[in-house]
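Reader: Hi! Could you walk me through this fold and its ligand site?
Author: Happy to, have a look here.

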Amino acid sequence: MTDKYTQFVSHGLGRNVAKKLGLPQPTILRRYEPGQPLITGPVLVQGNSAGADALAASLLSWDLDVRRHAVPREKLGAIVLVLDELDRPDDLEHPVLAAAASLRDLAPSGRVITLSRPAANSATPSQAAARQGVDGFLRSLAMELRAGATGNGILLGDGVTTTSPSALAALRFLLSGRSAYVDGQFLTVTSTEGSLPADFEKPLAGKVAVVTGAARGIGASIARTLHRDGATVVLVDIPAAGDHLAAVANEVHGTALQLDISREDAGQRIIEHAVQRHGRLDILIHNAGITRDKLLANMDHGRWSAVINVNIAAQLRINEALLASEHFRDSPRIVSLASTSGIAGNRGQTNYAASKGGVMGMVRASAPLLSERGGTINAVAPGFIETDMTAKVPLALREAGRRLNSLRQGGQPTDVAEAIAFLASDAAGGINGGVLRVCGQYMVGA
Ligand code: NAI
């Protein structure tokens, strides 16, 4: 459900009033529905490198209408800008201005996607400058796009090409309606691991996934999305949420496990349930989280420790149990919920931001442990998402949270769920130790 203001300004009278008063005019975003085309309208692939040619050829095999040169005034679904061979800052001008000439032809909810290389592993300062320039360029361009269009980038690590499995998978995710609320972000492909699914509509077929905090909000949406993508889902929540948990579990034909994740034996209980009921465990989504907001001057032990315990200490313990288990060795996937508060900070949330910063630290440090098993661990950092948690935020702050982003609206739980389903898939096997923000380019944090 889109918020009422967005619905009001999307049509007739509301649209005119908002325009006259100079009010924000959010667009109803194009979101993924099974069976719909990946993107409507031609995809313009710009860039002169061998990587650009190879990518254009791969996109043709997805039945996309691929163009290597713009046709003036033809509506475009996406502009893909391949910048994988930049050496000097001057190298940016030609491709960027070529893309600029097509921007007015971008359809509503269109996409601009760059493929470039991380500045960190550059051979020279000049190359690093050119590569880092893409970062500033893309984030600024994303702020200039209108009508639900987004701008995102893919960073190709050492040895990764434009057609490596996870580079293609990331491109597919960013082109599709699955990434509706991802804007101004970069996905780093760290290796050539990963394999594209036989069926793009069922990328999680045969997998068993555990989702914590699945009785409501983002967790329930994750359970529905993983089920839609083919996974069998184990739904975990506290006993007090048992009725809601059972209802969502029935809906997705999964099983419910009533469990407080902060219990010492939570990891063991999760493994036992998954293996006894479903024979395996492939994917763990750490979604359960709580807030106990107070200014630090008024903070007490109860509020601080409850948040740290549930949001990060429990995750560390559960990961340790799973990584020690023989049942979590076959390309396992972990995705954990961070938050933009953990990146930029948020007044009144020192405890919550410490826990969510902790999640990102944990993910980075755990990446090698997962990669030893052919697996990955990543975090998703939502911005302002419309859930029971954010419905409790005072109205003025809530409105600010909704509008202070490039898409001028809050995200939906499904937007977070789509990013998680993507990172949990085999196709994302080359993306490890990263953080993906799902925040509509929220204007706080990097
Ligand atoms: P929510 O409060 O609506 O749902 C959280 C669920 O976790 C509830 O069903 C709750 O019973 C469960 N839970 C809490 N403690 C638990 C425990 N000890 N053991 C098992 N289950 C437990 O929250 P929402 O909004 O759906 O958030 C989900 C995650 O996303 C959280 O980690 C949150 O920090 C994160 N997040 C949410 C944002 C938002 O805008 N809603 C923004 C950024 C991050």
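Reader: How do strand 4 and strand 5 run, and how many bridges join them?
Author: In this predicted model, strand 4 (residues 106-116) and strand 5 (residues 150-156) run parallel and are joined by six bridges. Ile113 has Asn152 of strand 5 as its bridge partner. Strands here are DSSP runs of E with at least two residues, helices are runs of H or I with at least four, and both are numbered from the N terminus. Two strands pair if DSSP finds at least two bridges between them.

Reader: Thanks! What can I rely on in the numbers?
Author: Since you ask, the model is predicted: local features need pLDDT of at least 70, side-chain atom pairs count only at pLDDT 80 or more, and totals for chains, interfaces and linings use all residues. Residues are numbered from 1 along each chain as its sequence is written, and side-chain values use heavy atoms, with hydrogens and water left out.

Reader: Which sheet do those strands sit in, and what is its order?
Author: An open sheet of six strands, paired in parallel, in the order 2-1-3-4-5-6. Strand 2 (66-67) and strand 6 (186-189) are at the edges with a single partner strand each, so one side of each has no neighbour in the sheet.

Reader: And what about the sheet of seven strands?
Author: That open sheet also has parallel pairing, with the order 9-8-7-10-11-12-13. Its edge strands are strand 9 (255-258) and strand 13 (435-438). The twist averages 20° from one strand to the next; axes are lines fitted to C-alpha atoms, for helices over the stretch in contact, and angles run from 0 to 180 degrees between N-to-C directions.

Reader: Which helix packs on it and touches strand 7?
Author: Helix 7 (residues 217-228) does, and it also touches strand 8, strand 10 and strand 11. Its direction makes about 170° with that of strand 7. Contact means heavy atoms within 4.5 Å.

Reader: Switching to the ligand: which residues come nearest?
Author: Arg216, Asp237, Asn287, Tyr352 and Thr387, out of 27 residues around the ligand; a residue counts if one of its heavy atoms lies within 4 Å.

Reader: What distances do Arg216 and Tyr352 show?
Author: A ligand oxygen is 2.7 Å from a side-chain N or O atom of Arg216, and one is 2.5 Å from such an atom of Tyr352.

Reader: How much of the ligand does the protein cover?
Author: 94% of the 830 Å² of accessible area that the ligand has on its own, by the Shrake-Rupley method with a 1.4 Å probe.

Notes: A polar contact is a pair of N or O atoms within 3.5 Å; within protein, one must be able to donate a hydrogen and the other to accept it, and residues adjacent in sequence count only if both atoms are side-chain atoms.
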